[in-house]
Amino acid sequence: MQKMNLFIAFAFVLFIAIGYKTYEQYKEIKNTQEMIIQNESESLAKFIGAFRSTYQDAFLQNHIEVDEKTVNLLPVKTTPVISKYFSSSVQGNIVIRTVSDRPRNPDNKANIFELEMIEYFNQNPKENQRFLKREKAFYYTQPLYITKTCLECHGKRENAIQSIRDNYETAYDYKIGEIRGLLSIQIKERGFFTALYADFIKNLSFTVLMYLLFLVIVYMLIKTIRVRALEYTEQLEEEIQKKTSAIKKQKDTFETLFEKSSDGISILDDGKFVQCNEKVVEMLQYDSKDELLDIHPSKLSPKYQPDGQSSFEKAEEMMALAVKNGCNKFEWVHTRADGDEFWAEITLTPIVLNDRDVIHVVWRDISEQKKAEDALVEQHKLLQSVIDGVEDPIMVIGEDYTVHLMNNKIRQKIDLECVADIDNPKCYEISHQRSSPCDGKDHPCPLKIVMETKDTVTVVHDHGDTDGVKHYLELSVTPLFDSNKNAIGIIESSRDITAHLETQYELREQKDILHHQAHHDALTGLPNRTLFNDRLHQSIEIAKRSNSGLALFFIDLDLFKKINDSLGHEVGDKVLKEVTERLGNEIRKEDTLARLGGDEFVIIMEGLTKAHDAVLLAEKILNVMAQGIRIDEHLLYVSCSIGISLYPQDDTNVSNLLKYADIAMYKAKDEGRNNYQFYSADMSELAFERVVMEASLRQALKNNEFIVYYQPQVDASSGKFIGVEALIRWQHPEMGMVSPAKFIPLAEETGLIVDIDRWVMRIAMQQVASWYADGLTPGVLALNLAMKQIHSDDFVELLKYNMAVNDFKPEWLELEVTESQVMVRPEDAIIKLKEINDLGITIAIDDFGTGYSSLSYLKRLPINKLKIDQSFVFDIPGDEEDVAIVKAIIALAQSLNLDLLAEGVETDAQKEFLMQNGCNNIQGYYYSRPVPAEEIRTTFLNKSD
């Protein structure tokens, strides 16, 4: 009976819940319908309002006359028509009206309902719309107020536009803010919502039916349960018997699992083993379980555990902890039957077995794991030992600034008072004795940078030591990744670069000195060829802008060599200084006097308006030079020959102007010396010779007229043959052997240098590869390459191809580029040379010291070697200027850790000077002129082997 009462209560509660949910659903459908229709009405109202405003503005702004035709375009006419068409398109389900309580147009007359709405808005001025339902339709109304624009036509009659006054007698004297009309939108109930309500009723009927069916089913179930309760009682005993049988099977299964477990399992009762599986026997290497039962765990262990505690006491302690905590996992050293010890992971779990409190023991052999851990510890010790042996401070820092590893160099400098947690010190506490991470431009945090970029960075920090002396440290920071390639910290090594920065400062000072020396003649202090070329470029640019001219004087002292030969270079140098002073006194401040070398001087005369001014200066120079020069007890007379070229008459090119002045100077010598000559067109035979030379050069490429010579490179300290430089020669069929000095500049100007360089590279690589294949050791092949060649798009691929087809190793090759060419496009050169250097090929700067390279670019260039130009080697050790330059270049190479080679070595004195100052690699006539390949083999390679 009680169950039936519960059933009735349940049915009633369920009925209430279903009824409430049904009501909520009905209400939601109704609200949704009204919301949709209201939103639709508001959209239509906004559209009608926009429509009326558009037409109204069109009439007013365009001053459209209202007549019998245009009156039909007014909103009061067009709105009813449009509303009518719209209503017919929706089968009359939507009716739109704009009405008035006193309209001019009968179609706009308000009906009873609309008049009621107008009255409502008059009484409720704060309301701007109303939405309601009457019978089977929804009505949306919106008051139409008189605005300032309305008064254009409906204000004072005398103020209305003329066309309105002419056509209408009434509808005037409206006031702003009055309600003079109403927008009314009527929307009939949609068939969609009717279907929705019908579907709702259908679902409601189905729900009621299901509810009744559910009640019937529940009632039948209750009745059935009562009947089956008796049957269940009868079956209970039978089920108990079946369960007992199943439990026995489970026990058998457990015992099987117990025995077959991959881990050792045993039972401890009263501190002794009473049961174990075969895995335990196997781990301990005993013959049977019987040998392991009824004994204390300490009997299967060494007397003492690794921590020094006796096995018996520690076993008792571990069992007590297991009972206290419900479980205890620990590591233990056991002893096998043969006496060998091994590590095991033991898990003790108290359980009740056969109404007795026992301990379930799981054994796991972790000997291999411990070996791995021990190996890891040893590796850690080794790593610590390695980094402790590094002189530079090293730290491994986690992403939370914690230092996980450091070497002794760091550890010795820790100020414990600045470290909050000595077990987890922070990098900023150790390095800067501060309580927060580094920040700002002066101390950028390398950890933050690396964690963001995942790339290696280098930053500079300044640190003060205990004496207050500031030191600059260069921090090299590398990201530390986990196995999933996630950055988890950094490896930071630092180096005190204070001394290095001081050296850089000194080098900058030396650079300024070198720059002056490189651009000025050491003897006279005049600009040298390099600075002269720059001044000439500038003078030409000035002449272009000012539309003026300039004259270039090329001055050569007549028979000056006789003074050097007869009186010595010391007297000759004094003569050159006196000549410099005299020439300087004859020119203006804006003119440039330079010494190109030897007894050659040049003058740039700017602001030239007529050639006669150049004649006057030339005559002054001849006159002043005609005066005797008193040097010690000698009275010397030195005349000169002057060649003059004019800009822009002769040429606008720097090289050509200098060349033409040089040609004119030689003409002056041919004319008997001690005179001046202007360059003239009849000297153009040189230009013709150049055209012939270019044509012959192109033909030489086709006819294979070129020959590769090789000049040895030797380690002077040991006499060992270290390599060869490949040098091209031209065997012309008519002119014979043509010097490279004649055709290489032309090849560079015409672009033929690219094809020539490629030909030399192919032939030379084949030759050196064949020497290596024959078991000889020619060392490194040095190839001179123009930057125009290297900058070509296919050069690297061509280089790789030649290496592949000749089986040529990268370490056998050295590419030489001149300093001046590199500095034309230094940024491009850095990129291209790095790509080549990454192949394992050595990069050398040839003719170093003759260009304009800066230390900043030199540091960034991927170069391995500097070659000291022979122009600096020629006069050492006698020339103090050249000695200073060579020493500076050697010091620079050593500071940048670059290899060195000196070119043009011809004498013992030159060789000894270079060796004493740290340059052992030598190339020049001292060992050999450039010779054919066969002579290299017979004279050097076979001998060295």
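Mentor: Let's start with aspartate 263, which forms a salt bridge with arginine 364, the closest N and O atoms being 2.5 Å apart; a salt bridge here is a side-chain nitrogen of Lys or Arg within 4 Å of a carboxyl oxygen of Asp or Glu. This pair links distant parts of the chain, 101 residues apart: aspartate 263 sits in the loop between helix H6 (191–260) and strand S5 (264–269), arginine 364 in strand S9 (residues 356–365). Helices (H or I, at least four residues) and strands (E, at least two) are DSSP runs, numbered from the N terminus. Aspartate 263 is buried at 14% relative accessible area, while arginine 364 is partly exposed at 41%; buried means under 20%, exposed over 50%, partly exposed in between (1.4 Å probe, protein chains only).

Bear in mind that this is a predicted model, where local features need pLDDT of at least 70, side-chain atom pairs count only at pLDDT 80 or more, and totals for chains, interfaces and linings use all residues. Residues are numbered from 1 along each chain as its sequence is written, and side-chain values use heavy atoms, leaving out hydrogens and water.

Now for glutamate 282, which bridges to lysine 279 with the closest N and O atoms 3.6 Å apart. Both lie in helix H7 (residues 278–284), three residues apart, about one turn of the helix. Glutamate 282 is exposed, at 54%, and lysine 279 partly exposed, at 24%. Elsewhere, salt bridges that share partners tie Glu725, Glu816, Lys867 and Glu903 into one network. The whole structure holds 26 salt bridges.
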